[in-house]
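Hi everyone, thanks for coming.

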Protein chains: 2
Amino acid sequence: MEISKREEEYLEAMYILHKNKGIIRVKDIARRLKVKPPSVVDALKKLSEKGLIQYEKYDRILLTDEGKEIAEKVYSKHKLLMNFFIEILGIPPDIAEEDACQFEHHIHDITAQRMREFAKYIQEQCPYVIKQFIKEHIEKRKSEDSSKIEEVGNEH
Amino acid sequence: MEISKREEEYLEAMYILHKNKGIIRVKDIARRLKVKPPSVVDALKKLSEKGLIQYEKYDRILLTDEGKEIAEKVYSKHKLLMNFFIEILGIPPDIAEEDACQFEHHIHDITAQRMREFAKYIQEQCPYVIKQFIKEHIEKRKSEDSSKIEEVGNEH
DNA sequence: TAAATTCTTTAGGCTAAACTAATTTTGGTG
DNA sequence: CACCAAAATTAGTTTAGCCTAAAGAATTTA
């Protein structure tokens, strides 16, 4: 069964909503993905047909095990990319977030895994060099910025 | 004027064809992007309307200055990503190529620039650590592999 | 140079993913 | 418990990007 990038995004959004507030609502998915509610409903129907979510109209929305598995895979790539961009490259969190949101759907497992290993390796082998690199490239960075890595944009 | 990711890919393909063989043909664009010729013609018309290429039917195809500028921007990101994936992370060239082809259209300029700086910095500050990381993660890598960074897939 | 082959283009159609406007359902409140 | 506002859904369009089949142009070759 084919699953598009966009469908992955819907699944990820639902996964995060479920994790954050327990309940998944059309309105909230729409806000996250910056689309209108009718577009969400279309997507829900397709995902439901594919067995990735459990959905009856006007009823609560839930990810199936299969849907959850896909969402988790995407989401773990998201977190790893955020970590790499912020802790290794020193990219501002809002930029990192946008890049991560795109890359997570395209990146090969090998590349993702290697980035994870690289971050670990380099931080163990030469933490000072990394620290220095970050320092040289970050003008102003608030102390709580790095907390953004775990956070998942509770929408404003 | 809005320019889509896909349009960027068309421009980049044409730029590379022009660079490699001087002449840009529908058939070759189609092969590069893995689409059929009619799809290419559709794209050419749109790009022409946007002033990014010079195109009259059955006539030669050329990038305009504006089109070339966009293509070069994308292509330079492609090369930088290839370098990063291969030389820093030790990703196999064929995988690196696929990831680069996706990322090049999404990555922020800041992130791209930072990756470039990071690669330079780390290779100067602790080349041995990088070498060691690569060594530990590469099983079999043919000696000519790294030449792939400059090459641009003269299609098989 | 005429025929054959290859390349390009047109015509017509399909799908994914989005939108607006209008309708239906739900859930909270007086 | 009836009403109302908010949320969800349906219906009907639009657009980008792709396709196949068929026609038209250009190039190669006998």
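A bit of housekeeping. This is a predicted model, where local features need pLDDT of at least 70 and side-chain atom pairs count only at pLDDT 80 or more, while totals for chains, interfaces and linings use all residues. Residues are numbered from 1 along each chain as its sequence is written, chains are lettered from A and ligands numbered from 1 in the order in which they are written, and side-chain values use heavy atoms, with hydrogens and water left out.

Okay, salt bridges. By that I mean a side-chain nitrogen of Lys or Arg within 4 Å of a carboxyl oxygen of Asp or Glu. Over all chains, we've got 20 of them.

Start with Arg31(A), which pairs with Asp28(A), with the closest N and O atoms 3.8 Å apart. Both sit in helix H2 (residues 26-33) of chain A, three residues apart, or about one turn. Helices here are DSSP runs of H or I, at least four residues, strands are E runs of at least two, and the numbering goes from the N terminus.

So, is Asp28(A) buried or exposed? It's buried, at 1% relative accessibility, while Arg31(A) is partly exposed at 43%. Buried means under 20% relative accessible area, exposed means over 50%, and partly exposed is in between, using a 1.4 Å probe and protein chains only. These two also belong to a salt-bridge network with Lys21(A) and Arg25(A).

Over in chain B, Lys73(B) bridges to Glu69(B) at 3.9 Å between the closest N and O atoms. They're four residues apart in helix H4 (residues 65-88), so about one helical turn separates them.

Now, the interface. Here 32 residues of chain B are in contact with 32 residues of chain A, contact being heavy atoms within 4.5 Å. The buried area is about 2900 Å², and carbon and sulfur atoms give 73% of that. Buried area is the accessible area (1.4 Å probe) that two parts lose on being put together, summed over both. Arg114(B), Phe118(B) and Tyr121(B) supply 23% of what chain B buries against chain A, more than any other three residues.

And how many salt bridges cross between chain B and chain A? Zero, by our rule. Which helix gives the largest share of chain B's side? That's H6(B), with nine residues.
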